[in-house]
Amino acid sequence: LGSQSEQIKANALRLLEKPIEVTTDNAAIVGQLAGLPRERDRVWLEGTVGSGKTFLLLHALKRCIAETGESGLYLPESVFLTAWRSQYVDGAEDWGRNLVSRAESVRWLFLDDYGQGRDLSGRAIDALDRLIMRRYESNLSIILSTNLTPRALESSRGGRSVSRLVELSG
């Protein structure tokens, strides 16, 4: 489990070393993200696979952390679910508990690839719902990327979670 999180961290740092390239396709979103966090602390970015959502939002997260001095966390949905499941595995409980707790409380949470998990159990969906609700109740926003439309997410994850995500991520 530790090597997976180290690899994610290395990949994220590698991406952050690249400057954001402004093209005609991404000019509007880059312009909006440039205002973070002063003008807006919430982002919901949906798009096709490979469209650069993660890259752009990692830069937004980096800027939020740098300008506010507050903590942040890049967390793909799959890693959150791995951490949640590991709470019930001997030897990995602390790692899982710590990551879930941090996801619930960190100021800037970038939840990447939301909705990508397939055939999730009801308990796994409940764990994601708890994360969303705890952040909602604490008035902590979520920077979110997904390949799915809100309507597609509603049918796979439920209307309540999507409604809260819209409020949390804009």
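**Helices, strands and loops**

User: Which residues in H5 meet Leu 131, Arg 134 and Arg 135 in H6?
Analyst: On the H6 side you'll find Leu 131, Arg 134 and Arg 135, where contact means heavy atoms within 4.5 Å. Before going on: this is a predicted model, so local features need pLDDT of at least 70 and side-chain atom pairs count only at pLDDT 80 or more, while totals for chains, interfaces and linings use all residues. Residues are numbered from 1 along each chain as its sequence is written, and side-chain values use heavy atoms, with hydrogens and water left out. The H5 partners are Ala 103, Glu 104 and Ser 105.

User: How many residues of the contact of H5 with H6 are charged?
Analyst: The classes are simple: Ala, Val, Leu, Ile, Met, Phe, Trp, Tyr, Cys and Pro are nonpolar, Asp, Glu, Lys and Arg are charged, and the others, Gly among them, are polar. Two of the residues in this contact are nonpolar and one is polar. The charged ones number three.

User: At what angle do the axes of H5 and H6 cross?
Analyst: H5 covers residues 93-105 and H6 covers residues 122-137; helices (H or I, at least four residues) and strands (E, at least two) are DSSP runs, numbered from the N terminus. Axes are lines fitted to C-alpha atoms, for helices over the stretch in contact, and angles run from 0 to 180 degrees between N-to-C directions. The two axes come within 8 Å, and they cross at roughly 40°.

User: Is H5 parallel or oblique to H6?
Analyst: Under 35 degrees would be roughly parallel, over 145 roughly antiparallel and 65 to 115 roughly perpendicular, with the rest oblique. The crossing is roughly 40°. That makes the placement of H5 relative to H6 oblique.

User: How far apart are the axes of H4 and H6?
Analyst: Helix H4 (residues 77-86) packs on H6 at an angle of about 110°. That puts H4 roughly perpendicular to H6. From H4 the contact includes Phe 80 and Trp 84, and from H6 it includes Ala 127 and Leu 128. The axes are separated by 10 Å.

User: How many residues of the contact of H4 with H6 are nonpolar?
Analyst: There are no polar residues here, and four are charged. The nonpolar count is seven.

User: Why is S3 largely enclosed by the rest of the structure, and how many of its residues are buried?
Analyst: Buried means under 20% relative accessible area, exposed means over 50%, and partly exposed lies in between (1.4 Å probe, protein chains only). Trp 108, Phe 110 and Asp 112 point one way, Leu 109 and Leu 111 the other, and all are buried. In a regular strand the side chains alternate between the two faces of the sheet. S3 (residues 108-112) is largely enclosed because its buried residues come to five of the five.

User: In S4, which residue is the bridge partner of Phe 110?
Analyst: S3 and S4 (residues 142-146) run parallel and are joined by three bridges. Phe 110 has as its S4 partner Ile 143.

User: What is the handedness of the β-α-β unit that S3, H6 and S4 make?
Analyst: Picture the strands pointing away from you: if the path from the first strand over the helix to the second runs clockwise, the crossover is right-handed. For S3, H6 and S4, the unit is right-handed.

User: What is the relative accessible area of Asn 139?
Analyst: Asn 139 sits in the loop between H6 and S4. Its phi is near 60°, a positive value in a residue other than glycine. Asn 139 is exposed, at 67%.

User: What is the relative accessibility of Asp 113?
Analyst: Asp 113 lies in the loop between S3 and H6. Asp 113 isn't a glycine either, yet has a positive phi of about 60°. Asp 113 counts as partly exposed, at 29%.

Notes: Two strands pair if DSSP finds at least two bridges between them.
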